Amino acid sequence: MITPPLDGVSKRGADEPQFEASFPAERMAISRVRRQLRARLEEDGLESVADDVAVICTELVANAVLHGCLGFPPGVTLKVTAVWSDVQLRLGVRDPSGVRPREQEFSASRTSGRGLRLVDELSDRWGVQTDPSGSGKTVWTELDYPRRRAS
């Protein structure tokens, strides 16, 4: 499901993420970023969504590392941001590629290609925002009323 973002709902103020991490586009970084984000969510009392958001983050970062950075020189970086309020949590993963991700056809025999389906199931909305300069994209996801959600 790809729908436009809800502007301004999830931010405390302009460009004030509660979590932000830039890191090299390497597989090793995926678990580190997931753990940091999960800890920050728990620190702010969002235990009820921490597991779901950690899974979503893992899938989006893995896609960015494996697909969004394919063909780019070593040392390219990714950026993960998260902003939340009582109304909404928004997670974004930015990579340098302008190529939009796409959901794979379901196959019981394939062991990969299910990440975006999982993101779709765990999120209220998700989508892709291409940088106006053409120098990359952000895959974002939103969860409504994160403090009221049950895991």
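Helices and strands here are DSSP runs, numbered from the N terminus. The model is a predicted one.

**The sheet**

Five strands form an open sheet in the order E1-E2-E3-E5-E4, and the pairing is antiparallel. Strand E1 (19–24) and strand E4 (125–130) stand at the edges. Each has a single partner strand, so one side of each has no neighbour in the sheet. On average, neighbouring strands of this sheet are turned by 15 degrees against each other, direction ignored.

Look next at one pair. Strand E2 covers residues 77–84 and strand E3 covers residues 88–95. Six bridges join E2 and E3 in the antiparallel sense. Which residue of E3 stands opposite Val 83? It is Arg 90.

**Helices on the sheet**

| Helix | Residues | Strands touched | Angle |
|---|---|---|---|
| H1 | residues 27–43 | E1, E2 and E3 | about 170 degrees with E1 |

**H1 against H2**

Two packed helices are described by the angle between their axes and the distance between the axes. The axes of H1 and H2 come within 9 Å. They cross at roughly 155 degrees. Are H1 and H2 roughly parallel or roughly antiparallel? Angles over 145 degrees count as roughly antiparallel, so H1 and H2 are roughly antiparallel to each other. The crossing of H1 past H2 is right-handed.

On H1, the contact residues include Ile 30, Val 33, Leu 37 and Leu 41. Arg 27, Arg 34, Arg 38 and Glu 42 of H1 also take part. On H2, the contact residues include Ala 50, Val 53, Ala 54, Cys 57, Val 61 and Val 65.

**Helix H3**

Helix H3 spans residues 115–122. Which of its residues are buried? They are Gly 115, Leu 116, Val 119 and Leu 122. Seen down the axis of H3, these buried residues fall within an arc of 125 degrees, so they line one face of the helix. H2, E4 and E5 are among the elements that cover them.

**A residue after E5**

Tyr 145 is found in the segment after E5. Its phi is near 45 degrees, a positive value in a residue other than glycine. Is Tyr 145 buried or partly exposed? Buried means under 20% relative accessible area, and exposed means over 50%. Tyr 145 has 37% relative accessibility, so Tyr 145 counts as partly exposed.

Note on methods: Residues are numbered from 1 along each chain as its sequence is written. This is a predicted model: local features need pLDDT of at least 70, side-chain atom pairs count only at pLDDT 80 or more; totals for chains, interfaces and linings use all residues. Side-chain values use heavy atoms; hydrogens and water are left out. Two strands pair if DSSP finds at least two bridges between them. Helices (H or I, at least four residues) and strands (E, at least two) are DSSP runs, numbered from the N terminus. Axes are lines fitted to C-alpha atoms, for helices over the stretch in contact, and angles run from 0 to 180 degrees between N-to-C directions. Contact means heavy atoms within 4.5 Å. Buried means under 20% relative accessible area, exposed over 50%, partly exposed in between (1.4 Å probe, protein chains only). The arc is that of the directions from the helix axis to the C-beta atoms. Angles under 35 degrees count as roughly parallel, over 145 as roughly antiparallel, 65 to 115 as roughly perpendicular and the rest as oblique. A crossing is left-handed if the near helix is turned anticlockwise from the far one by less than a right angle, and right-handed if clockwise.
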